[in-house]
Structure formats: structure tokens, C-alpha cells
Amino acid sequence: MENTDKTTPKIFFLNVLKGGLIGVALITPGFSGGTVAVVLGIYYGLVSAVAGLLKNFKKNFLFLLPFAIGMVVAVAALIIPMRLAFEYIPLPIICLFVGLMLGGMPPIAKEAGKPTPLLILAFVLACAFAVGICFIPVPEGMEAGEQANVGVYFALAGVGLIAACGFVVPGISGSMIMMIFGFYYYVLGAGENLLKFNNVGNSLLILFVFTIGVIAGFLLISFLMKIFITRYKRGTYYAILGFLVGSVFSIYYKQDTLITDIMPLPAFIVLSVLLFAVGFAASFIFCKLTERKREDKNSSQTEQPSENTADERHDA
């Protein structure tokens, strides 16, 4: 996407729509907001704008504003449907998200290349870390955004910081990270309470603390990813793969119950398998389109990629 200094109403509206698509990915466990941003051609522009926010605040803030509006609207629109889905069809919806996540792994594996002992070690350590997360005890009152103690708020900010990986690192889902840590329903519940004007003060505090963590994480991880991708590219991708594989175990382990009495068990299982297949196919095709778009850009000798133009503008 080309970032011009003059933003017309049409460009502003299109950027709001693009932000909305990213917002859908951010609230959907297993789907990567970073991947969506890459496909839309705005990933590097967004990362550069956030990284340079303090250097040129007005210019970068105005560039980010329509995307932020779209994200907020999309997240707000999906909060209640997500809660209902996890309440009535938990296993099918989780299988859908796991399918989305696993379907996005082949491009990452391609970037990782052939294994070596050190790369395998990076994979194993990351996988063990993802599995180990699910054994961390979750404090009481974490299920629906209720009042919590100071320690929970510090943990919430930390989870927000880590969940920012879901935007910065294509292929990783921030919502899935939140779910593994046990905070997904907590934050979702706070958002739902806010929309229903229930317990507004505490809901705003929860969302504020989480947002602060996400912003801090985005700034920090953007900086670290530039270093890791530049110096340890293959090791970074193997670690990402390890985390994704380990999170499959964690996401099922963290659920208190996966079966409800809304439908017969055989139908429940069939629906789960079908949604897993749909999620895997959708994510796989989505990533293939991303790869094809990237190859088309690389093969073009007469034009510069528009997202590089955005990079250059924001690096200043």
C-alpha cells in the first residue's frame, strides 16, 4: 500500500476497512493479524509507523488512525459472537482456530529451511515453552473480567506484551497466546461487559491495562524482530514453529470443558472435524495467496513495492 502524505477520504475509508480485517484476525485465536497485514500490503508500513511514532508523531499517528478505527470497530462487533461460540460450541470453534493456525505453518516451514542440530534445539525449546505455559496456574476470577488483585493486572499487562507477537510476527496468533495463558475469556468478558454497560469502571481498567501491555509489546517486539530476523532468521522461524506446535496441546488442555449438550455427541465431533478442515484450508489458501503476491512483487523489475515506499517514508 502506498502511503502518501495527502490522505483522501477514499484512502481513509479503505484503510479503515483494512484495519477491520486485521481486527477480525486479532480477536480470532489461530489467525495472525500480521499475516493479514502482509497480504493487504500494509505490514511494513504499519510496523515502521509504530516504530517511528516518537520521531514523527503527527505524521505517523494520522497514518495509523484509520487502521486503529477499523480494528476497534471489528473487535467490538465480534466480542459477543465469540463469547457465545465458546459457550455453546467450544470444541468445534477451537478446532476451527487450530485449523487456521496449522494451515499457516507451511510458509513458515519453507522460510525455516532444512534443519540442523541447533535449529532443532530452538524448535524443541520453543515447543516445551508453549506446553509449559498451560501448567501455569490461573488466578481465580479470570473467566469473565471480574475484579482482580494487583498481581493479576501486572500479569494482564505482561500477557498483552507477549500477545503483541500476534501482530508483529506473521503466522503467530495473539489471541491464541492469550488463550494459552488463560486471559482470552477474561479480556473478552471485560469487553462484553463494557458493551452492555455492566461494571464499566473495572472493564475499562482491564482493557486499559491490557492495551498498555500490547502497545509496549508492539514497540519492543518490532525492534527485537528486526534484530532476530536479520541475524538469526532460520532460528527465529524454527522457534516460531515450535511455539505453534506446542500451543496445539496447550489450547486443548486449557479448556475446562469441550463438550456441551447443545447437540448429540456424534454431530458435535463431525462438526468439529469439518470446521478444523475448513480452518486449515482457509488459512493454507490465504498463505498461498500471500506467497504468490510476494513472488509477483519480486518478479516485477519496473516497479518498487508500495510497502517499501511506506517503509522509506516512515524510517525518516
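How many of the 14 residues of H5 are buried? Helix H5 is mostly covered, with 13 of 14 residues buried (under 20% relative accessible area, with a 1.4 Å probe and protein chains only). This helix spans residues 90-103 and reaches 20 Å from first to last C-alpha, close to the 20 Å expected at 1.5 Å a residue (1.5 Å times one less than the number of residues).

The model is predicted: local features need pLDDT of at least 70, side-chain atom pairs count only at pLDDT 80 or more, and totals for chains, interfaces and linings use all residues. Residues are numbered from 1 along each chain as its sequence is written, and side-chain values use heavy atoms, without hydrogens and water.

The protein contains 15 helices and zero strands (DSSP runs of H or I with at least four residues, and of E with at least two, numbered from the N terminus). Of its 316 residues, 46% are buried.

The largest pocket has a volume of about 1,300 Å³. A pocket is an open set of points on a 1 Å grid where a 1.4 Å probe fits, with protein on both sides within 12 Å along at least five of seven lines; lining residues have an atom within 4 Å of a point. The volume is the space filled by probe spheres set on the points, which are joined across faces, edges and corners. The lining comprises 35 residues, of which Leu26, Met71, Val72, Thr211 and Val214 are the closest to the pocket centre. H4 gives the most to this lining, with ten residues.

Note on methods. Buried means under 20% relative accessible area, exposed over 50%, partly exposed in between (1.4 Å probe, protein chains only).
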